Amino acid sequence: MKPVAILQHEASQGPGILLDHLRQQDIPHVLLDPCAQGSAPANARDYRGIIVLGSNHCANEQLRWIENERCLLQSALQHDVPVLGHCFGAQMLARAMGARVWRNPCPNIGWSEVRITSHAQQLMDLPAQATLFNWHYDTFEIPQGASRTMYAQHCLNKGFVRGRHWAFQGHLEVTEASVRQWCSEGRSELQRASGPAVQSETQILAQLQPRIAQLHAMALRTYRAWTDQLDHQMSVSLGQPSEILSRFRIKSTDYLRMQL
């Protein structure tokens, strides 16, 4: 059986609980590091699925390995090889689908609440709202043919789905150890960052164990939903913008500006 490819770009941003799930389900997998290796595989048909993790790099950077990775994801789209993107991986999937990635109005660092569309709740076995771990400065537009799955007060586009390709602008995979390591490595960054969606190291680490436990309970259900459909095609169509506008009382003019 073909393996699932896991594209990891930073030592502190590993597959975490997602790797535990793949092992528990006896799903063959291979861990790749396009950033360190300087390139990514070319043919998505060599894999059963592709998982793309976070990165300290921006998806718009003109680097060879980023371009290779975008081409790999385009190959996955062409041959319907399921993709699961986290943060940078979600932005790369958006780019592969022809959507833009740009600076979010404010940084999103730490724990924050997201709302989840009703269809995504059913498809991905998610609750109506959840608290995710975030560390990103950029956002993406929803690609053509895809539907938004998650949204938040300070970042409208927190996730999308198109067929068997799922993207999360946040981290379901993190562990207590990886969050602590991330904070340690990014301590100077945390001291410089500011905005309504930025938490301090103290705030991020407060009640870390129960937060991680709650996140993992949700993540394992969601990862099972994604791996359950690795070997069969599916088509999805999610909610309308009106649901999003009413939940957060976002003005239609603001919504349209986010899409431009």
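1. Of the 260 residues in the protein chain, 55% come out as buried, where buried means under 20% relative accessible area, exposed means over 50%, and partly exposed is in between (1.4 Å probe, protein chains only). Bear in mind that this is a predicted model: local features need pLDDT of at least 70, side-chain atom pairs count only at pLDDT 80 or more, and totals for chains, interfaces and linings use all residues. Residues are numbered from 1 along each chain as its sequence is written, and side-chain values use heavy atoms, with hydrogens and water left out.

2. On the overall layout, the chain has 11 helices and nine strands. Helices (H or I, at least four residues) and strands (E, at least two) are DSSP runs, numbered from the N terminus. Take the contacts between residues at least 6 apart in sequence: 74% of them join residues at least 24 apart. Contact here means heavy atoms within 4.5 Å.

3. Now the aromatics. There are six aromatic pairs in the structure. Rings of Phe, Tyr and Trp (its six-membered ring) pair if their centres lie within 6.5 Å; planes under 30 degrees apart count as stacked, over 60 as edge-to-face, and the rest as tilted. The Trp65 and Phe88 rings have centres 5.9 Å apart and planes at 45°, so this pair is tilted. Trp65 belongs to helix α3 (residues 64-78) and Phe88 to helix α4 (residues 88-96), so the pair ties together parts 23 residues apart in sequence. Trp65 is buried, at 6% relative accessible area, and Phe88 is buried too, at 2%.

4. Another pair worth a look is Phe140 with Phe160: the ring centres are 5.2 Å apart and the planes are at 85°, so the pair is edge-to-face. Phe140 sits in strand β6 (residues 129-140) and Phe160 in strand β8 (residues 159-162), so parts that are 20 residues apart in sequence are tied together by the pair. Both Phe140 and Phe160 are buried.

5. Trp111, Phe133, Trp135 and Trp182 are linked by ring pairs into a cluster. Separately, Arg100 lies over the face of Trp102, at 5.1 Å from the ring centre; the test for a charge over a ring is NZ of Lys or CZ of Arg within 6 Å of the ring centre and within 35 degrees of the ring normal.

6. On helix packing, have a look at α6 (residues 176-185) and α9 (residues 208-228), which pack at an angle of about 125° with their axes 10 Å apart. Axes are lines fitted to C-alpha atoms, for helices over the stretch in contact, and angles run from 0 to 180 degrees between N-to-C directions. That makes α6 oblique to α9; angles under 35 degrees count as roughly parallel, over 145 as roughly antiparallel, 65 to 115 as roughly perpendicular, and the rest as oblique. Glu176, Val179 and Arg180 of α6 make the contact with Leu208, Gln209 and Ile212 of α9.

7. Helix α1 (residues 16-24) has Ile17, Leu18, Leu19, His21 and Leu22 as its buried residues. These pack against β1 (4-7), β2 (29-32), β3 (49-52), β4 (83-86) and α9.

8. Most residues other than glycine have a negative phi. Asp26, which follows α1, has a positive phi, near 55°. Asp26 is in the loop between α1 and β2 and is exposed, with a relative accessible area of 66%. Gln207 also has a positive phi, near 55°; its place is the loop between α8 (201-205) and α9, and at 60% relative accessibility Gln207 counts as exposed.

9. Buried or exposed: which is Gln169? At 0% relative accessibility, Gln169 counts as buried, and this residue is in the loop between β9 (165-168) and α6. Gln169 and Cys87 are 82 residues apart in sequence, yet 4.3 Å apart in space, C-alpha to C-alpha. Leaving out residues up to four places away in sequence, Gln169 touches a list of residues including Cys87, Asn134, His136, Asp138 and Phe140.

10. Last, Arg162 in strand β8. Arg162 counts as partly exposed, at 26% relative accessibility. Its C-alpha atom is separated by 9.8 Å from that of Pro82, 80 residues apart along the chain. Not counting residues up to four places away in sequence, Arg162 touches Leu77, Met97, Gln144, Gly145 and Ala146.
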